[in-house]
Amino acid sequence: MPLTRRTALAATGAGAAGALVGAGVRPAPSAAAAADYVIRHDQPRQTILGLGVEIQSDSIGSGNNGLPTATTSVPHDLVATERTRMYRDLLKIRDDRGFRYLRLALGLYLRGLDSTQKQIIGRWPTQLAELAELIAQSGIEGVSAEYWSPAPGWKSNGSYIGGTIASTDPGWLDQYGDAIVRDLVYLRDNGVPVTMFSLQNEPSIDHVAYSCCSYTNDQYYKAFKAIAPKVRAEFPGIFIHADAENGQRGRGGALIRGDAAALAQVDGWSFHRIGSDSNDQLQNNYTSDAAGKPVFSNEFEYQVPTSDWKMVNTAQSIMNWMTFQNSPTWFWLHALKPTYNAEASGYSLGFWRPYDDDDFTKYPNIAKGHWDYNPRNFNGIHGFVKYLPWNSVRYHVEEGTRRTEQRIMAWKTPQGKLVFAMTNRSLSTVTYTVDTGSVRAFQGQQYTPAARNTNLTDKTGPVLTLTLPPTSVQFWIERL
């Protein structure tokens, strides 16, 4: 267990204070009260599992309009060198591993069907091999398998688009649950490990032009209670979350919370607060009715083109979900989007040019089969994937004044290295003092909408004076 300020102060003998300094943590400093922020080594919070990102592994119409027959997707469209660069620089990021989870939209970005139209399979011969390669080479742990729609054979209207499930009779649900398990086993058998599962993306929606399936409260509750135990029996270590829209306040949430057996199958509640101001997580309580389960955002993007302000707002969304809602993870919507999709700017960390895109007036630097970054989105996330390793532990930070335009979050890596991030969402330069509780040097890295991971001059603790330019994010990493 890492040495904390509390345990160190409880030590006896003349060498206690000296041992603290030798471990990089100083005794309670007299300067602490004067600092704007004080990192409390004696107050660990939740373990942060790592971040997630979705992949467009099949086609969708521009503006989310329809399901084209084209195979426009990644990594399918990318030339070999660009696949490797995507795996290494967009997804892996660090030398060991980066994003932990790959959100896979079943019935949308994986929507091939067997002859019965009751099982989801690859739509072209290499689709699963491409996904398996992406996961293996990027170091991602596995997919968060989530249905945008069940296979049409289980739907009331026999289509991926619209409708609801055909029945809630116990015998029907038993067969439906077995089919879902077969879908997940199919992924696993084809080299795509399944680490998270959710029954239905946005189960209140039935009116969009792409794959969807609406559930009433009763339908979701009955289906979840029948299906979740089957999924867990086949995948004992899986993380099951609901309802992938409004969490415990969404479809079936109240019924699930009122049923001990159903609630036992819930590992977390997932929310969509798409493009919201990060102040939402600072000001509202998403945990009060969560029945002790963690809450998190499993989809964040912007419905309109990105901006400089949004780059910092994205960073603050990550920080505020984790700081004020104790979230164990956070998901961005898409790794890459096609150059010709109207939603690409707000949705993506980068753009790729499909082979049927001949309009080089947009993104003229991107050749067919190649990709480039969307910096205003990617720069708000990159530092957390690079400097927030899987299974880091967040530590409480005392704030003299809780600010909305400047945020701070601190954590320790599994190796015990202290890291903290600070933001400045305002248009003015700001300077703050941070009592790190560490006498070691800190390496600084800065992010702006135009530049990422810029080296800053080292600073030595325990109290650091830090100046943040307008619209910027900084990470300060303890040198061990």
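Author: What follows covers a helix, a strand with its neighbours, a proline and several aromatic contacts. This is a predicted model, in which local features need pLDDT of at least 70, side-chain atom pairs count only at pLDDT 80 or more, and totals for chains, interfaces and linings use all residues. Residues are numbered from 1 along each chain as its sequence is written, and side-chain values use heavy atoms, with hydrogens and water left out.

Reader: How many residues does helix H5 have, and how far does it reach?

Author: Helix H5 (residues 170–189) has 20 residues and reaches 28 Å from its first C-alpha to its last. That is close to the 28 Å expected at 1.5 Å a residue; the expected span is 1.5 Å times one less than the number of residues. Helices (H or I, at least four residues) and strands (E, at least two) are DSSP runs, numbered from the N terminus.

Reader: Which residues of H5 are buried?

Author: They are Trp172, Leu173, Tyr176, Gly177, Ala179, Ile180, Val181, Asp183, Leu184, Val185 and Leu187. Buried means under 20% relative accessible area, exposed over 50%, and partly exposed in between (1.4 Å probe, protein chains only).

Reader: And what covers them?

Author: The cover includes helix H4 (127–138) and helix H6 (217–234), together with strands E3 (101–106), E5 (120–121), E6 (142–147) and E7 (194–198). After H5 comes Gly191, whose phi is positive, near 80°.

Reader: Now strand E15. Which of its residues lie on each side?

Author: Ile408, Ala410 and Lys412 are on one side of E15, with Met409 and Trp411 on the other, and all are buried. In strand E15 (residues 408–412), 5 of 5 residues are thus listed as buried.

Reader: Which strands does E15 pair with?

Author: Strand E14 (residues 392–399) pairs with E15 in the antiparallel sense over 3 bridges, and Arg394 stands opposite Trp411. Strand E16 (residues 418–424) also pairs with E15 in the antiparallel sense, over 5 bridges, and Leu418 is the bridge partner of Lys412. Two strands pair if DSSP finds at least two bridges between them. The hairpin of E15 and E16 has 5 residues between the strands, and Gly416 there takes a positive phi near 90°.

Reader: Where is Pro44, and what does it touch?

Author: Pro44 is found in strand E1 (residues 37–48) and is partly exposed, with a relative accessible area of 38%. Not counting residues up to four places away in sequence, Pro44 touches Val393, Arg394 and Tyr395, where contact means heavy atoms within 4.5 Å. The C-alpha atoms of Pro44 and Ala410 are separated by 9.8 Å, although the two are 366 residues apart along the chain.

Reader: How many aromatic pairs does the structure hold?

Author: It holds 27. Rings of Phe, Tyr and Trp (its six-membered ring) pair if their centres lie within 6.5 Å; planes under 30 degrees apart count as stacked, over 60 as edge-to-face and the rest as tilted. Among them, Tyr215 and Tyr220 are edge-to-face, at 5.7 Å centre to centre and 70° between the planes, and both are buried. Phe296 and Phe331 form a tilted pair, at 6.4 Å and 35°. Phe296 lies in strand E10 (residues 295–299) and Phe331 in strand E11 (residues 331–338), so this pair ties together parts that are 35 residues apart in sequence.

Reader: Which rings link into a cluster?

Author: Ring pairs link Phe384, Tyr387, Trp411, Tyr447 and Phe475.

Reader: Which ring does the charged end of Lys412 sit over?

Author: The charged end of Lys412 sits over the ring of Tyr395, 4.7 Å from its centre. The criterion is NZ of Lys or CZ of Arg within 6 Å of the ring centre and within 35 degrees of the ring normal.
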